[in-house]
Amino acid sequence: MQHIISILLENEAGALSRVAGLFSARAYNIESLTVAPTEDPLVSRMTIVTSGSADVIEQITKQLNKLIEVVKVVDLCEAGHLARELMLIKVKATGAARDEMKRMADIFRGRIVDVTDAIYVIELTGNGSKLDAFIEAIDADLILETVRTGVCGIARGDRVLSV
Amino acid sequence: MELTGAEIVVQSLAAEGVEFVFGYPGGSVLHIYDELFKQDKVKHVLVRHEQGAAHAADGYSRASRKVGVCLVTSGPGVTNAVTGIATAYMDSIPMIIITGQVPTHAIGLDAFQEVDTVGITRPCVKHNFLVKDVRDLAVTMKKAFHIATTGRPGPVLVDIPKDVTAERCEFIYPERVEMRTYQPVVRGHSGQISQALELLLQAKRPMIYTGGGIVLADASNELARLVHKLGFPCTNTLMGLGGFPGTDPQFVGMLGMHGTYEANMAMQHCDVLLAIGARFDDRVIGDPRDFARISRRIIHVDVDPSSISKRVRVDVPIVGDVREVLLELTAQLEAHAGSVDKPALDAWWTQINEWRGRDCLRYDRTANIIKPQYVVEKLWEVTGGDAIVTSDVGQHQMWAAQFYKFDKPRRWINSGGLGTMGFGLPSAMGARMANPDATVACVTGEASIQMCIQELSTCKQYHLPIKIVNLNNRYMGMVRQWQEFFHGNRYAESYMDALPDFVRLAEAYGHAGMRIDKPADVEPALREAFARTDQLVFLDFITDATENVYPMVAGGKGLTDMILAEDL
Ligand SMILES: Cc1ncc(C[n+]2csc(CCOP(=O)(O)OP(=O)(O)O)c2C)c(N)n1
């Protein structure tokens, strides 16, 4: 089963490679990983999407907690949460496809953020399956390039992850 | 007062009460060596290879309650030390490794003797630091000692670029450090402890299984008190030997791949298992699915939460310092109105004694060729069971573990986790430096001893009268044994051809050597060697090349699927 692990860690050189190294050394899988500083510049927040049995996820959280630079770890999937991902997708936009692309972007609540006479760059946010659905929905031959941030997530309601 | 980085390193070591640094100089650490030269608080021990430095610091830690420190130069100094660092990491040994690094402005430019030390060692240290600013140095040293010695201990590495050792700043060594990200649990949860006690009191077939955690936490007295109060059988892992007295009637021997028949049978068939400071690793319980075939309730006490429910599911997890938990468990037991199920326990002991009756460590005592087991038995007798015994890796290691009955902790020093050949001699040096009056023996094999043989020179320089007990079977015996059992007797590359004359080799290094090839000479030779308290003696015992270690649980098999000597 898929899990979204949120980690607060000291914003120090090498902290990211410790987390990434842990996953590869112990053969845990990483589907996506995002990291950026929080409102406190000394602390970064990392979101890792992984999958595994309950035992594996328990080990992952315990092993992460053992890393000296890790402040806190939660599995967001333990309760209600929001997960979002951002995609920028560069598509061909000529002839009939130009209007069609605009329509699809509207349906998926995407925004066209760059335009030339032959190309659109569309920005789309949502959970992973919505982004997948957009890619499915348009003609594969028209896709020139995609870039996705990987998932970032937050708990619903008053559950807060802070130092 | 303003000090240079190099002075700060040495002052920090002095402030931590460090007696010895095991090391080897080179370009990037020259400022530090210069400071070591100018003072006499922290003594330096010059090894002959950086692997030896790491193992010696490790052996020093294991044989005492102090922290071993090792100092090496950048590049090859570090890579040579990595085996020793990984060895300490696998066995959770507190140790500090100080490494030189190329100057900060040269990092990343493929400078002479540059390696990514922090990157190379990351997976085999508890933590590591690269200090880029001299103002961070003192607090980093403090953190390194704090992290290495608390919680589940382990090696911590501090990588210091050469320019940082030359720069100056105000030096204040912090009394303590607070780290919001690192707060190991000490006291176990009382509710969990009382739940554990209830299980123990209900048990019909109880078993106590303890590992290196008992030794590391200095909890053997507390363990013995509890085991004696309960009257339960107790087994130790390879790392835990000496944690419970090896001659105690309640001790059923070591368990695992080369554990005793009775220990493995009792482990498998118990209904309540109390595991303390042990981690159910593959060499201990064999195939975890086979182990889970019989249902039993498991209580697991460990300072490291990630050791719990890693390989087997446990019913009552208790995270905490094992000594603290043992104290509380014993206190709760004393205050408890109930008692153990005596009739069931008696029946269980009857069963265990029947298993004991198989006498699984029996070997041929009539042979006219030296049996390796006999040498270890005599070693135990001659040293009164009270030597510090280090070992390398192979059959000799298992015979030492099976036949030297360790009654006290920190007497048995071996690389259980990583299984590092070459560990025996340098760790014996560290053990002896930590205990200048102790009798120290290194039980080794002719293959292993050659992996760090150069340290004979260090032993000469520092007058370390270690006794090397070489069980010379002319083979990488453990490899040969696997080839005999599992590879149709095809002894691929396991014969040790072109062996040196160890007696003359020892003499060339300025020590004494003896070659013993008759059973009748074993005991007199040991007596003579141990009587020479001021000299290193290399005892080269020519042993039976065909002897195997029994019992044996083949890799991946169930714990009770044992190959016994009598089966053959
Ligand atoms: C550094 C290292 N290389 C290889 C091995 C694999 N290995 C395990 S036991 C062994 C043979 C050891 O032979 P010896 O030291 O003569 O001891 P014996 O088994 O004969 O008692 C080998 C090669 C190891 N444990 N460590």
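Reply: Start with a definition: buried means under 20% relative accessible area, exposed means over 50%, and partly exposed is what lies in between. The model is predicted.

Me: Why is B:Asp517 called partly exposed?

Reply: B:Asp517 has a relative accessible area of 37%.

Me: What makes the pair B:Lys518 and B:Asp517 a salt bridge?

Reply: The side chains of B:Lys518 and B:Asp517 meet at 3.7 Å, N to O. The cut-off for a salt bridge is 4 Å, so the pair at 3.7 Å counts. B:Lys518 is also partly exposed, with a relative accessible area of 48%. Elsewhere, salt bridges that share partners join A:Asp55, A:Glu58, A:Lys62 and B:Arg313 into one network.

Me: How many salt bridges are there over all chains?

Reply: A search of the whole structure finds 41. One of them joins the side chains of A:Arg111 and A:Glu123, at 3.2 Å from N to O. A:Arg111 is in strand β6 of chain A and A:Glu123 in strand β7 of chain A, 12 residues apart, and the pair is said to link distant parts of the chain.

Me: Why is A:Glu123 not called buried?

Reply: Buried requires a value under 20%. A:Glu123 has a relative accessible area of 21%, so A:Glu123 is called partly exposed.

Me: What makes B:Lys204 and B:Asp341 a salt bridge?

Reply: The closest N and O atoms of B:Lys204 and B:Asp341 are 2.7 Å apart. This is within the 4 Å cut-off, so the pair qualifies. B:Lys204 is in the loop between α8 and β9 of chain B, B:Asp341 is in the loop between α14 and α15 of chain B, and 137 residues separate them. B:Lys204 has 42% relative accessible area and is partly exposed. B:Asp341, at 21%, counts as partly exposed as well.

Me: How do you know that chain A and chain B touch?

Reply: In this model 17 residues of chain A are in contact with 17 residues of chain B. Contact requires heavy atoms within 4.5 Å. The area buried between chain A and chain B is about 1,500 Å², with carbon and sulfur atoms giving 45% of it.

Me: How many salt bridges and polar contacts link chain A and chain B?

Reply: The count between chain A and chain B is four salt bridges. One pairs the side chains of B:Asp304 and A:Lys66 at 2.8 Å, N to O. The rule also finds 12 residue pairs in polar contact across the interface. On the side of chain A that touches chain B, α1, α2 and β4 of chain A each supply at least two residues. The most, six residues, come from α2(A). That side of chain A divides into six nonpolar, three polar and eight charged residues.

Me: Why is B:His511 called buried?

Reply: B:His511 has a relative accessible area of 8%. The limit for buried is under 20%, so B:His511 is buried. B:His511 is in the loop between α21 and β19 of chain B. A polar atom of the B:His511 side chain lies 2.7 Å from the backbone oxygen of B:Leu456.

Me: What makes A:Asp158 exposed?

Reply: A:Asp158 has a relative accessible area of 75%. Exposed means over 50%, so A:Asp158 is exposed. A:Asp158 is found in the segment after β9 of chain A.

Me: Why is B:Val319 called partly exposed?

Reply: B:Val319 has 24% relative accessibility, so B:Val319 falls between the limits of 20% and 50%. B:Val319 is in strand β14 of chain B.

How values were computed
Residues are numbered from 1 along each chain as its sequence is written. Chains are lettered from A and ligands numbered from 1 in the order in which they are written. This is a predicted model: local features need pLDDT of at least 70, side-chain atom pairs count only at pLDDT 80 or more; totals for chains, interfaces and linings use all residues. Side-chain values use heavy atoms; hydrogens and water are left out. Buried area is the accessible area (1.4 Å probe) that two parts lose on being put together, summed over both. A polar contact is a pair of N or O atoms within 3.5 Å; within protein, one must be able to donate a hydrogen and the other to accept it, and residues adjacent in sequence count only if both atoms are side-chain atoms. Helices (H or I, at least four residues) and strands (E, at least two) are DSSP runs, numbered from the N terminus. Ala, Val, Leu, Ile, Met, Phe, Trp, Tyr, Cys and Pro count as nonpolar, Asp, Glu, Lys and Arg as charged, and the others, Gly among them, as polar. Buried means under 20% relative accessible area, exposed over 50%, partly exposed in between (1.4 Å probe, protein chains only).
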